[in-house]
Structures are given as C-alpha cells and as structure tokens.
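Please look through the sequence and the structure below before reading on. The report that follows takes up a few of their features in turn.

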Number of protein chains: 2
Amino acid sequence: MVAGDKSDPVDVLILGGGPAGYVCAIRAAQNGRQVTLVERGRVGGVCLNEGCIPSKHLALFAAAHPGCRDLAEFQTSRTAAVDKLVGGVSSLLKAAGVAIIQGSAWFVGQTRVCVEVGEESVRYFDFKDVVIATGSLALPMDGHPFDGERVVGPREALAWMSVPETLAIAGDDYIAVELAVAFARLGSRVTLTSAADRLLPDFDPDLSAAADRGARSLGVEVALAANPASIVEDAERVIVSGGRRPNVDGLHLSAAGIAVGVEGFRVDRQMRLDRHVFAIGDVTEGLPLAHRSTMQGRVAGDVLGGKPAAMDVRALPRVVYAEPELAGVGATEGDSAKLPLAALGRAVIDGSTAGFVKLVFDKGSGVITGAHIAAPRATDLIGEMTLAIEMGATLEDVALTAHAHPTFAEGALEAAELALGRPIHVRSLRR
Amino acid sequence: MVAGDKSDPVDVLILGGGPAGYVCAIRAAQNGRQVTLVERGRVGGVCLNEGCIPSKHLALFAAAHPGCRDLAEFQTSRTAAVDKLVGGVSSLLKAAGVAIIQGSAWFVGQTRVCVEVGEESVRYFDFKDVVIATGSLALPMDGHPFDGERVVGPREALAWMSVPETLAIAGDDYIAVELAVAFARLGSRVTLTSAADRLLPDFDPDLSAAADRGARSLGVEVALAANPASIVEDAERVIVSGGRRPNVDGLHLSAAGIAVGVEGFRVDRQMRLDRHVFAIGDVTEGLPLAHRSTMQGRVAGDVLGGKPAAMDVRALPRVVYAEPELAGVGATEGDSAKLPLAALGRAVIDGSTAGFVKLVFDKGSGVITGAHIAAPRATDLIGEMTLAIEMGATLEDVALTAHAHPTFAEGALEAAELALGRPIHVRSLRR
C-alpha cells in the first residue's frame with residue numbers, strides 16, 4: 001500500500017495519547033470537534049504508565065515500607081493503580097466520542113498520515129487539523145548506553161521486582177533525586193553522582209541544599225562535580241537520569257514540511273506550528289512536565305474549538321517527592337524571606353522542622369514572584385503560592401489571608417510577615 | 001492593699017497570653033509601644049497548652065500508632081512539643097521587649113488593673129490602653145457537670161495516660177469529631193452522640209457526611225438526634241465537647257464600665273470596645289479559632305501602633321483532623337461542583353479516593369465563594385482556596401493556574417473545570 005491509496009478523512013487527528021494528547025482530545029471533543037487519537041501503546045503516556053505516577057507511587061511505598069527489599073507488593077499495587085488510571089482515561093475518551101486508533105503514525109503528506117495498525121497493515125488518514133503530541137524519550141549517558149538490564153533509565157528501574165544491594169544513580173534532576181531517596185529508604189546503598197555542583201541545578205539553591213541534606217540523611221552518598229561514568233562499574237545496578245529529548249523519531253516530518261529543533265518544536269501561544277499543525281507536550285520546547293502538557297492540551301483543544309485561548313502561564317510549579325517534599329515556582333532571583341519550618345506549631349508536633357518556606361518578591365510593589373518550599377506537603381503547599389503569583393498577589397494579600405491553625409499552610413503567611421519586616425513567630429531579620 | 005495604693009504606669013496592658021494576646025503584644029511592640037502582658041498560667045493559651053496543638057498532636061500520634069492503648073509516649077512527646085512552642089513564644093516576647101507579669105488580673109477602675117502576683121501580693125497598673133484577651137472556657141453538659149475524672153472536657157482527655165476501653169463523647173463539633181477519630185484509632189470503642197441531626201452542623205453538609213462516614217469506617221458508633229445524656233452512664237470515660245464560653249470570670253468589668261454579652265464582646269473592626277479598651281480572641285463574638293485570634297491580635301497590635309488596620313477577613317478557614325482530613329471556607333450555599341477525589345492520580349496511588357473537592361461559586365460572575373474539601377492534606381489544601389476567595393478569584397483563575405502533577409492540589413483545578421462545564425478527568429455533569 002502506498003501514499004495515495006484509500007484514506008479516511010478525519011477532522012482532528014492527534015498523534016500521541018499522553019497527558020498532552022488525551023487532554024487535548026477530550027477538550028477538542030467538548031468543543032464540538034470530531035477527534036481521532038493515534039497511540040502506539042496505552043493511553044496515559046510516559047507520565048501515567050512509566051513516569052510520574054509510578055515514580056511518585058514508589059516514593060509513597062518506600063516511605064511507608066522502609067527497608068522493604070521485595071518490590072512484588074509495590075509492583076502489584078502499581079499495576080492496579082496504573083490500570084485504573086489508564087482505564088479511566090480510556091473511558092473518558094470514549095465518553096467524549098474520541099476514536100482511538102492503536103498504531104504508530106508518520107506523515108506522508110501535508111494533510112495525510114499513515115498509521116501502521118498491525119503487521120503489514122496500514123491505514124491512511126486525511127486530517128483537517130493535526131496535533132503532534134508524541135512526547136519524549138530518556139537520554140542515556142555518554143559512553144554508557146542503556147543495556148536494559150544493569151544500566152537502565154528511570155522507566156526500567158520503576159519496574160524492578162527487588163531492591164538492589166548497591167545502586168548508582170547518575171543525574172541531578174528531580175527524577176534522580178526522587179529515585180535516590182526512594183531506593184535509600186528501601187534499603188539500597190545509593191550513590192548519586194552528577195557533574196553539576198549541586199542537585200536540582202535548575203531549582204532555587206536553597207531547595208538544592210535541602211535535597212542534598214535530605215538525601216544524605218537517608219544514607220545516600222552524594223558526589224557532586226564528579227564524573228558519573230566513574231560510578232558505573234561498581235554498583236549492582238545503575239540508573240541514568242540524563243534528561244529527555246523530544247520523541248519525533250519516525251514521524252517523517254519532512255513529508256509534511258515541518259521542521260523541529262533539538263529542543264523540540266517551537267510553537268506559538270496557540271500551540272500552533274502552522275495553521276493546521278499543532279504541537280503540545282514534551283515534543284515542544286520547555287520543561288517535560290505533565291502539568292505543562294495538560295495545560296497545553298487544554299489550550300490546543302480550545303483553539304481547535306475556535307475559542308480565544310492562549311498558553312499564558314506565569315507560574316509553572318515543580319515538585320519533588322524527596323525527603324522532605326520539595327516544590328518551587330517562579331523567580332529564584334530577587335528579595336527574599338525564608339521562614340524556618342520550626343516556627344510552625346504544625347511542624348513541631350509532626351517532628352518535621354528541617355524545612356522552610358521561602359518567598360521571592362519585588363521589594364517596591366510587594367508582589368510575590370517566586371516561592372520555594374521544603375516541607376512535608378510542599379508538593380501541595382505550592383498550589384497556594386502558584387495561584388498567588390498568577391493573581392499578582394502581594395505579600396500583604398497573603399499576610400492578610402487567614403490561614404488555619406495549626407497547618408503547614410501557615411508558613412506562607414508567616415513568611416509574608418517576615419518579608420514585610422513584622423514577623424510574629426520568628427525574630428525579625430532587621431532587628 | 002487597696003485601689004489607690006502605689007501603682008505602675010504602663011503603656012499597653014494585655015490581659016491574657018494566648019494566640020490573641022501574645023500576637024498582639026509582639027505586634028504592638030514592633031510598632032513602638034511599650035507592652036506589658038499579664039498571664040496567669042503559661043503563654044500560648046488554650047490553643048497551645050491544652051487545645052489545638054495537643055489535639056492535633058494526638059490525631060497524628062493515633063494515625064501513626066493505631067491500637068496503642070498506652071499514651072505515655074504520646075504525653076512525653078506532647079510535653080516536649082508544647083514546652084518547645086511555649087518556650088519559643090516566651091523568647092519571642094522577650095526579644096520584642098514585652099514585659100510579662102504572671103498572675104490573675106481584674107479591673108479596679110477605668111484605667112487601672114489589679115494583678116494578684118502571689119499569695120496576698122498584688123500589684124496595680126495604670127494603663128494607657130488595655131487589651132482583653134482572656135480566652136474561653138469549655139462548657140459542660142446540662143445535668144452532667146465535669147467531675148475531673150470520668151466526665152471531662154477535651155482538655156482533661158488530652159492529658160490521659162491510657163486509652164479507655166469504652167469512651168462516650170457528647171458533642172458534634174470539630175473537637176468531638178477529632179477526639180472520636182483519634183481514640184477509635186487508638187483502640188477505644190467510641191460512641192459519638194449529639195442532639196443535632198448531623199456531625200459538624202455548622203459545616204457544609206457534604207463535610208458532615210464525610211465526617212460521619214470516616215468516623216464509622218474506624219468503628220465509631222455515631223448516634224445523631226439523640227440525647228447525649230443517655231450515653232453517660234455506660235462508658236468507662238466520657239468527654240463532653242459542648243462548646244465554649246467567653247472567659248470573663250473575675251475581671252470585674254463593671255469597675256471599668258465595660259459590658260459583655262453572653263456570646264462575648266462585640267468589638268468594632270479595630271477590635272475596640274472603647275477608645276482605649278480592646279478585646280480580641282475567644283472573648284469576642286465569633287468562632288473560637290486560634291487563627292481568628294491571631295488575626296485579631298495582629299489587627300489590634302497595628303491599631304495600637306497607629307496604623308490604619310482593620311479586621312477584614314472574607315474567608316475564615318476551618319480544619320478538622322479527622323478521617324480523612326476535612327476543611328471548609330466561605331459559603332455553603334450557591335451553585336457548586338464536587339470533584340470526586342478518585343479523579344486524581346495522586347489519590348489513586350495513595351489509596352485515598354473517598355474524598356472530594358467541592359467549590360461553591362456565583363454562576364454569573366464565576367467568582368468562588370466557598371470551598372469544602374475532604375481529602376488527605378485537606379487542612380493545607382484549603383489555603384489555596386482561602387486565598388482565592390480573599391483575592392476574588394474566579395473559576396477561570398483557578399482553572400488557568402498550573403497545578404503540579406501528581407498532587408492533591410490538582411483537585412482545585414479539576415473542580416473548577418467541572419464547575420465551568422468542561423471537566424477533563426470526570427464526566428461532565430451536563431452531558
């Protein structure tokens with residue numbers, strides 16, 4: 001069968017069923033478009049099947065089962081959770097009227113895609129609009145390619161049935177830190193190595209320091225400004241978390257006249273590459289974060305529905321399920337105030353006083369521009385600060401908002417008061 | 001010694017060192033006033049010494065030590081935490097230059113207070129401004145007075161060294177619910193009885209239902225529309241949580257020409273009763289909540305400092321450390337959308353899918369007017385929704401704010417999308 005053979009006309013064709021693609025599909029369908037979604041594996045993408053969800057699941061399991069070297073129970077639980085979530089997404093897509101085609105797709109023309117739907121079986125689709133949402137792939141370490149067994153990426157590590165005696169992790173990103181903490185809790189002797197001079201090098205330095213302290217407190221050996229390759233030989237298992245690259249392999253973009261950069265597609269605020277070509281999720285330039293993908297998916301779905309939507313996110317939060325939980329949003333540069341968690345009654349009764357709530361703000365206007373939190377529940381606490389930044393809230397706005405006592409959320413209020421030079425539960429910086 | 005004897009002139013005199021009084025003291029001192037604080041016991045008040053902090057501490061201990069009938073470890077831990085927090089408040093007061101007088105105070109004139117500072121030893125103070133912050137007292141149940149042993153208030157229950165075999169709790173407020181859940185987890189057979197037809201009768205009905213389900217799931221027998229007195233006889237121990245009344249006993253208010261109602265002092269937005277007489281905290285009309293007290297304390301401290309402050313809280317959150325955590329803020333009446341927690345990946349991997357995030361909003365404007373959450377971490381999640389209400393945020397504002405994945409905080413975004421009729425992770429109500 002060749003291009004030009006019989007093809008099916010489709011309205012909106014979405015390539016990839018991850019958090020970008022499936023969300024876009026549901027939203028576009030809500031807006032009255034007829035949507036066809038092509039996915040080679042299971043819907044839910046990397047996030048749901050092999051990334052965020054299993055990784056956070058392991059973090060929770062490790063915290064609840066310290067020293068548990070047998071991961072059979074985890075894998076059972078993980079499979080159940082992922083199946084439930086994948087099933088949920090599938091049924092939501094069906095309820096929205098989205099047609100799902102299982103197979104691998106590539107462009108064969110400006111408005112035509114070929115999908116291999118089985119061995120030696122292909123179908124052609126002529127689309128009115130196409131959305132590229134094919135995600136990203138893990139990058140290996142130079143000189144130490146993944147071998148699928150001893151040297152693996154995060155995905156394979158999350159499928160292990162037992163906890164290695166010794167584990168070398170090469171990387172400094174949030175995935176490397178989360179896996180180091182989880183496997184240390186489960187009983188591995190973990191070495192975490194990076195060429196960078198701090199963990200989480202693109203987070204606020206205070207969060208880097210907190211990640212370092214927390215990992216070491218669990219026995220992780222942290223080697224910075226080091227050559228990760230040096231640790232590969234000795235460990236029973238090796239995880240390489242070397243970042244991700246856009247997955248455009250085999251898409252035959254040139255057939256559609258589409259270009260892509262090394263960092264992925266550069267799209268406009270409507271997620272367009274061209275009038276009828278959209279790209280969303282990890283294939284676009286920017287951080288590979290599921291919530292960025294879903295936001296882009298919603299925007300593209302609205303644009304496809306003729307709505308005046310645009311990607312306009314001031315504040316993109318990032319969370320790390322480490323020891324303690326870490327979260328950051330917005331600016332890291334500027335005036336700042338850092339409230340030690342020990343000032344909060346909630347932290348004292350929890351025995352978790354090692355963290356902080358740090359606010360970054362504009363001194364003249366008092367507008368909050370960033371927030372960086374190391375605390376139990378930091379991953380949820382960052383929600384309030386993200387809304388604050390999106391709403392243009394000032395320190396006064398947060399300080400004059402009642403925060404229930406005793407909660408960790410009080411940290412935002414106390415940090416705002418500290419920034420305003422009138423702290424109640426810590427001594428003033430200016431005294 | 002009689003009125004008219006030698007007295008000490010003081011600038012600002014604060015009666016009571018709880019969350020209202022000590023916060024007001026620190027803030028007034030920050031604003032340049034000379035502050036003297038009279039406290040008969042330890043600073044920190046009911047909240048810190050015998051209320052919120054020990055109660056939430058017990059909730060955490062019970063969740064971490066199910067079936068632990070021996071409370072010695074808890075009491076040691078509780079004492080350490082309270083001592084640390086009381087010590088912290090003391091040293092903050094000292095650092096702020098606040099003079100602390102230990103004793104019981106009463107008015108002997110319009111600008112004069114007498115303080116019994118020891119047996120047969122009194123001191124007189126002539127104040128420029130006075131702040132009444134003497135807190136509240138637990139109310140007993142009609143016909144079953146506290147006996148200090150078997151029939152007690154929450155304070156005494158929190159000091160128990162062991163967990164009773166059978167425990168009857170009379171009440172329906174958040175304290176009764178928290179104690180029922182904690183003692184059920186610790187192994188008591190708990191009966192929770194109220195004359196009302198639902199628990200938490202002044203919360204959103206969905207939170208009442210969640211409290212009921214959660215308590216029953218832990219084996220609590222919940223008897224509603226019942227006579228609490230009927231359960232008193234059978235149980236090994238009885239806790240009566242019958243609300244609180246303003247503590248103005250022995251203040252001799254008439255000597256200062258001050259009147260008080262049954263519900264407490266009615267103050268203006270500057271916390272004034274009279275030009276130089278302020279009242280803050282549980283002695284004022286309104287809910288006896290520590291964070292209301294601290295907010296009033298900050299306002300009064302600013303007014304005392306000549307600043308244009310006023311109590312202007314649109315949204316006063318309330319939290320319950322129950323099963324699961326419950327939290328509510330703002331309106332319970334109006335259009336609403338309720339997102340089941342099962343729609344969140346974070347809840348699925350936690351195995352905690354029984355709760356919800358409910359938003360109440362104005363249909364025309366989309367402005368959020370209330371939020372009611374039953375979820376792990378609800379007590380902290382309510383922070384974002386409280387800020388949303390204070391900032392006048394709309395459903396769109398929350399829906400267009402990126403929420404990190406996977407977190408419980410995503411519930412707010414998903415609930416906002418549901419309210420807007422375009423949900424992603426649940427089916428639309430309107431389909």
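## Terms and model

In what follows, helices and strands are DSSP runs numbered from the N terminus, a helix having at least four residues and a strand at least two. Everything described here belongs to a predicted model.

## Where the two chains touch

In the contact between the chains, 60 residues of chain B meet 59 residues of chain A. The elements of chain B that give two or more residues to this side include H1, helix H3 (52–64), H4, helix H8 (290–304) and strand S16 (318–320), and helices H9 (345–350), H10 (378–390) and H11 (395–399) are also among them. The element that gives the most to the side of chain B touching chain A is H10(B), with 10 residues. Sorted by class, that side of chain B has 34 nonpolar, 13 polar and 13 charged residues.

How are two packed helices described? Two packed helices are described by the angle between their axes and the distance between the axes. For H10(A) and H10(B), the axes are 7 Å apart and the helices pack at an angle of about 10°. Because angles under 35 degrees count as roughly parallel, H10(A) and H10(B) are roughly parallel to each other. On the side of H10(A), the residues that take part are Asp380(A), Leu381(A), Gly383(A), Glu384(A), Leu387(A) and Ala388(A), and they meet Asp380(B), Leu381(B), Gly383(B), Glu384(B), Leu387(B) and Ala388(B) in H10(B). By class, this contact has 6 nonpolar, 2 polar and 4 charged residues.

## Two helices within chain B

Helix H1 (residues 19–30) and helix H4 (residues 72–95) of chain B have axes that come within 9 Å and cross at roughly 30°. That crossing makes H1(B) roughly parallel to H4(B), and the crossing is left-handed. The contact is made by Tyr22(B), Ala25(B) and Ile26(B) of H1(B) together with Val89(B), Leu92(B) and Leu93(B) of H4(B). In terms of class, the contact of H1(B) with H4(B) has 6 nonpolar residues, no polar residues and no charged residues.

## A covered helix and the nonpolar core

Helix H12 (residues 410–419) of chain A is mostly covered, since 10 of its 10 residues are buried. The buried residues include Glu410(A), Glu414(A) and Glu417(A), as well as Leu413(A) and Leu418(A). Within chain A, the buried residues of H12(A) pack against strand S18 (335–340), helix H9 (345–350), strand S19 (356–361), helix H10 (378–390) and helix H11 (395–399), and they also pack against H10 of chain B. H12(A) is followed by Gly421(A), whose phi is positive, near 80°.

Which residues touch the most other members of the largest nonpolar core? Of the 304 residues in that core, they are Ala180(A) and Ala180(B). Setting aside residues up to four places away in sequence, Ala180(A) touches Ile169(A), Val190(A), Leu192(A), Ala215(A) and Val220(A).

Most residues other than glycine have a negative phi, and most peptide bonds are trans. Leu200(A), however, has a positive phi of about 45° although it is not a glycine, and this residue lies in the loop between strand S10 (189–193) and helix H7 (205–217) of chain A. Is Leu200(A) buried or exposed? With 25 other C-beta atoms within 10 Å, Leu200(A) is buried. Arg377(A), another residue that is not glycine, has a positive phi near 75° and is found in the loop between strand S20 (368–374) and H10 of chain A. Arg377(A) is buried, with 27 other C-beta atoms within 10 Å.

A cis peptide bond joins His405(A) and Pro406(A), with omega about -10°. In chain B, a cis peptide bond joins His405(B) and Pro406(B), and omega is about -10° there. Pro406(B) lies in the loop between H11 and helix H12 (410–419) of chain B.

## A loop residue in chain B

Met141(B) sits in the loop between strand S7 (136–138) and strand S8 (151–152) of chain B. Because Met141(B) has 18 C-beta neighbours inside 10 Å, it counts as partly exposed. Leaving aside its neighbours within four places in sequence, Met141(B) is in contact with Ala170(B), Pro228(B), Ala229(B), Val240(B) and Gly242(B). The C-alpha atoms of Met141(B) and Gly153(B), which are 12 residues apart along the chain, are separated by 9.7 Å.

Technical notes: Residues numbered from 1 in each chain as written. Chains lettered and ligands numbered in written order. Predicted model: local features only at pLDDT ≥ 70, side-chain atom pairs only at ≥ 80, totals over all residues. Axes fitted to C-alpha atoms, helices over the stretch in contact; angles between N-to-C directions. Parallel < 35°, antiparallel > 145°, perpendicular 65-115°, else oblique. Left-handed = near helix turned anticlockwise from the far one by under 90°. Contact = placed C-beta atoms within 7 Å. Nonpolar A, V, L, I, M, F, W, Y, C, P; charged D, E, K, R; others polar. Core = buried A, V, L, I, M, F, W, Y, C linked by C-beta atoms within 7 Å. Buried ≥ 20, exposed ≤ 12 C-beta atoms within 10 Å, placed from the backbone.
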